[in-house]
Amino acid sequence: MYRGQAINYPTCTASLLRNLTLDEWTLKAQLTLERFRVAELELLMQKHPFMDVWKTRGYEVDWHGFAQHYGIPTTLLDLTSNVEVAAFLHVPIGTTENKSLLRLILELA
């Protein structure tokens, strides 16, 4: 399994749990905040016009996964069995330097 991340963390830990003191109350507070943030995002997105398209096509949204990819810390951890996908997730695309770096990573894999 591969993990596409731009920073080398000593362990694979979900974003919500990184740099967190592990006392019980802090953990419970963070988990509660995660639920509120995801619920608020879902309520906000229900008003987006594209949601009608998704619903008519029968798509369902994993709101925790959606939230994670829009900067909300969650308890989820992205893993892939595909090295190319991991390399793509690791390198922010947009500049020539980043595209060159992505090609280099794929060549080394």
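1. Thr74 sits in the loop between α3 and α4 (helices are DSSP runs of H or I, at least four residues, numbered from the N terminus). At 0% relative accessibility, Thr74 is buried (under 20% relative accessible area; over 50% is exposed and in between is partly exposed, with a 1.4 Å probe and protein chains only).

2. A word on the source: this is a predicted model, where local features need pLDDT of at least 70 and side-chain atom pairs count only at pLDDT 80 or more, while totals for chains, interfaces and linings use all residues. Residues are numbered from 1 along each chain as its sequence is written, and side-chain values use heavy atoms, without hydrogens and water.

3. What does Thr74 touch, leaving aside its neighbours within four places in sequence? Its contacts (heavy atoms within 4.5 Å) are Ala14, Ser15, Leu16, Glu34, His64, Ala67 and Gln68. Ala14 is 60 residues away along the chain, yet the two C-alpha atoms are separated by 6.5 Å.

4. Glu34, from that contact list, is one of the buried residues of α1, together with Val38, Leu41 and Met45. Down the axis of α1, the buried residues fall within an arc of 60 degrees (taken from the directions from the axis to the C-beta atoms), so they line one face of the helix. Their cover includes α2 (50–56) and α3 (63–68).

Technical notes:
Helix = DSSP H or I, 4+ residues; strand = E, 2+ residues; numbered from the N terminus.
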